[in-house]
Every structure is written in C-alpha cells, then in structure tokens.
Amino acid sequence: MAYAGAKSEFDPLSIKRRRSDMSKGIKGAIASLALLGLGVFLCASPAAAQLAVSGDVADTDDLAPSPVGEVQAGFNEGGRSITISWTLSGDDVTRQTPTSSDFTTGGTFANVNDVAGYNIWRRLADDSDGNLAIVGTVGAGVTSLVDASINVSAGSRRYFYMVSVVDPSGNESAPIESAEVRNMLLLGDFDYDGDVDLLDYGIFQANFGRAEFNPATDIDGNGVVDLEDFFLWADNLGANLY
Ligand SMILES: [Ca+2]
Ligand SMILES: [Ca+2]
Ligand SMILES: [Ca+2]
Ligand SMILES: [Ca+2]
C-alpha cells in the first residue's frame, strides 16, 4: 500500500493532533497579539524587538520530532509474539535548558527532551482497508517493544509495523514502516487453528491446480498452487503453536 495512504489512516492520532492544534490556536493567538505589540515596539527599537521575537516564538512548539530510523520486526521463537525495534529519533536527546532568563547568577537548569515517546502501530498485510491498531506507546530512549497481542487464530500471518515519534506538545513525526513480517512457522496452517496437519492438507488438495484458489494455499505467492507449494507445506507439517 502506498505510504501516503497509510499515513491518512492515522485517525486515532489526528484526534489528538486536532486537540493539540486547538491549544496551539490559543497559543498562536497570544503569540500574534504579542507580535502585534512588538510590531509597534519594532519601530522604536528594532534590535530589542528582534530578541523578544525569538523568545515568544520559542514558547510555541509546533515542530514534530524527526522520525525514527529503520524499523525492524520479527517473530519470536514459538510464533506467538513479535518484537519491533527501531533506532531513536535524532531529537531523542536530553539537554539542559535554563529555567529563567537570569544568566547572571549561574542560573537554574532543567533537563528537556523534544521526544516524549514512540507510538507503535500494527497493520495486517491482508487488510485492504489498511486499518491500524495501536500496539503500545513507550517513552523516550526506548528502542523496542514486544507485541504479544497478535491474534494467531484471526486468519492473518503477515503484518507490518509502524513507529512514530511524539513530542511533549503532541506533535507527531511521520511514521516509519517495517518490512512485512511473516509467520514462517505457520505457513501451511490453512484452517488457522495454530497447527499444520492433515486437515490443512485437505484444504490444500481442494485448491491444488485450480484457477481460483484460496490465496493462503499459494505459499510461495507465484500465482499457482502446485507441487512447489506442497513441498513448502510439507516442510511445516507438524508445526504447532500450542
Ligand atoms: Ca517539537
Ligand atoms: Ca491447521
Ligand atoms: Ca489442526
Ligand atoms: Ca505457488
């Protein structure tokens, strides 16, 4: 699926985003009023106004943090959970910032980080609607999450994961998507009961060589259900999640 489409599915967050936009709207209005005042002040003292402008604008954070690097995801042993890992956003650094504008006394400082945390999303590869489910949220500095909420009986064996970065003001980075994650252990489990046995073979047989077939039975995905798929199925015969 096209990346742009995937991004537009980000409904849960757009609600959040809208909310923070509202508060930004108020902040923005205050900032505009402040700037208006400065405009008058500017005529009198351009240099001083310049300093004040940067202070006012810095109060409104509408910049999203930079996205994560590569996102990787893979099944854990046993095929019941998936570990998702990513590289930190380049903005996920703690730095010290003065808590007052009094620089003469040595000042007081606070630790700040433009990254509040990471949102992790999951999409089923065979869901043509591209619905995203949020898997979890972790804090700054965290680089992995285990998704134990996959439903192995739901009839899907292929997943994509996305990770986005949020800052304390609710700004969110572009999501970065993993490659497709396939549960190799369960290829051949055509009745989705968590094992590969002769009942699955019955389904395979009914689809063998057919022009129209259950897509799951074309294990290698080459458009025909033939002996190659049978060999792949046979490799998994006896696999069991339970
Ligand atoms: Ca920010
Ligand atoms: Ca089965
Ligand atoms: Ca079975
Ligand atoms: Ca095939």
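Modeller: Start with a definition: two strands pair if DSSP finds at least two bridges between them. Keep in mind that this is a predicted model.

Colleague: Which order do the strands take in the open sheet of 3 strands?

Modeller: In general, strands of a sheet pair through backbone hydrogen bonds, either parallel or antiparallel. Here the order is 1-2-7, and the pairing is antiparallel.

Colleague: Why is one side of strand 1 and of strand 7 left without a neighbour in the sheet?

Modeller: Strand 1 (71-75) and strand 7 (144-147) stand at the edges; each has a single partner strand, so one side of each lacks a neighbour in the sheet. From one strand to the next, the twist averages 15 degrees.

Colleague: How many bridges join strand 2 to strand 7?

Modeller: There are 4 bridges between strand 2 (residues 82-86) and strand 7, and the two run antiparallel. For a landmark, find S85, which stands opposite S144 in strand 7.

Colleague: Now strand 5. Which residues point one way, and which the other?

Modeller: In a regular strand the side chains alternate between the two faces of the sheet. In strand 5, G117, N119, W121 and R123 point one way. Y118, I120, R122 and L124 point the other way.

Colleague: Is strand 5 mostly covered or mostly open?

Modeller: Mostly covered. Of its 8 residues, 8 are buried. The cut-off for buried is 20 or more other C-beta atoms within 10 Å of the residue's own.

Colleague: What does strand 5 pair with?

Modeller: Strand 5 pairs with strand 6 (residues 132-139) in the antiparallel sense over 7 bridges. There, R122 has A133 as its bridge partner. Strand 5 also pairs with strand 8 (residues 158-166), antiparallel, over 8 bridges. In strand 8, V163 is the bridge partner of I120.

How values were computed
Residues numbered from 1 in each chain as written. Chains lettered and ligands numbered in written order. Predicted model: local features only at pLDDT ≥ 70, side-chain atom pairs only at ≥ 80, totals over all residues. Buried ≥ 20, exposed ≤ 12 C-beta atoms within 10 Å, placed from the backbone. Axes fitted to C-alpha atoms, helices over the stretch in contact; angles between N-to-C directions.
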